[in-house]
Amino acid sequence: MRAIHIPQILNAANKTLAIDVAEHLPQLDTLTPVKGELTVAHRGTFLEVSAQAGAIMTLECDRCLQSYNTRIQVNTSEILWLEDTVEEDDVLEKEVELEDLVESLPPNGHFKPDEWLYEQMCLAIPQKQICNADCQGIEITSNPPVQEVDHRWAALSTLKQQLSE
Ligand SMILES: [Zn+2]
């Protein structure tokens, strides 16, 4: 996906570009290409970007640490304001990046559909990754350290008994 020169969107029919997506995104390790559609509409003072796209990803289960494949699906739209940002805002912007849902682009700049879609896909990855609802996690069998403690407790209680007798 090539970067889109924002003023060019005004030349498109209904000032809206529709992009078919069927590719692996840079930085995003997906098992299948990301497939779907992305539309960018120029609304004068802002861009309205929406996407329905998805791909299969290999994740690692938080409970059992096994890899599993799951579908990551995006069905979202976002408003990107068109305004020239002041440079000194940059530092501040980075700090609030995660919570800052309102983004802006320079009116004569470029919109990068792959970067935008990458962010949306990342947001769609579940924070808690569980291979399936019934996952029991790592099976914990009786292991030496626990037994060792048991032995000590046993020895201590024997000693206690002897002392009290
Ligand atoms: Zn699991």
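Guide: A patch here is built from residues with over 30% relative accessible area and no salt bridge, nonpolar side chains being joined within 5 Å. The model is predicted.

Visitor: Which residues make the nonpolar surface patch?
Guide: Trp-153, Leu-156, Leu-159 and Leu-163 make it, over about 470 Å².

Visitor: Why is Leu-163 called exposed?
Guide: Exposed means over 50% relative accessible area. Leu-163 has 68%, so it counts as exposed. Leu-163 lies in helix H3, residues 144-164.

Visitor: What makes the arrangement around the zinc ion tetrahedral?
Guide: Four donors count as tetrahedral if all angles lie between 85 and 135 degrees. The 4 donor atoms here subtend angles of 104 to 114°, so the arrangement is tetrahedral. The donors are the SG atoms of Cys-61, Cys-64, Cys-131 and Cys-135, lying 2.3 Å from the zinc ion. Their spacing in sequence is C-x2-C-x66-C-x3-C. Cys-64, in the loop between strands S4 (46-60) and S5 (67-82), and Cys-131, in the loop between helices H2 (113-124) and H3, are 67 residues apart and link distant parts of the chain.

Visitor: Why is Cys-64 called buried, and why is Cys-131 called partly exposed?
Guide: Buried means under 20%, and partly exposed lies between that and the exposed cut-off of 50%. Cys-64 has 15% relative accessibility, so it is buried. Cys-131 has 27%, so it is partly exposed.

Visitor: How do you know that Asp-114 is buried?
Guide: Its relative accessible area is 18%, so Asp-114 falls under the 20% cut-off. Asp-114 is in helix H2. Its contacts beyond four places in sequence are Met-1, Leu-25 and Pro-26.

How values were computed:
Residues numbered from 1 in each chain as written. Predicted model: local features only at pLDDT ≥ 70, side-chain atom pairs only at ≥ 80, totals over all residues. Heavy atoms only, no water. Patch = residues over 30% accessible without salt bridge, like charges linked within 9 Å, V, L, I, M, F, W, Y side chains within 5 Å. Areas by Shrake-Rupley, 256 points an atom, 1.4 Å probe, with all protein chains shown as cover. Salt bridge = Lys/Arg side-chain N within 4 Å of Asp/Glu carboxyl O. Helix = DSSP H or I, 4+ residues; strand = E, 2+ residues; numbered from the N terminus. Buried < 20%, exposed > 50% of the residue type's maximum accessible area, 1.4 Å probe, protein only. Donors = N, O, S within 2.8 Å, 3.2 Å for Na, K, Ca; no water. Tetrahedral: all angles 85-135°; square planar, octahedral: opposite > 155°, others 65-115°. Contact = heavy atoms within 4.5 Å.
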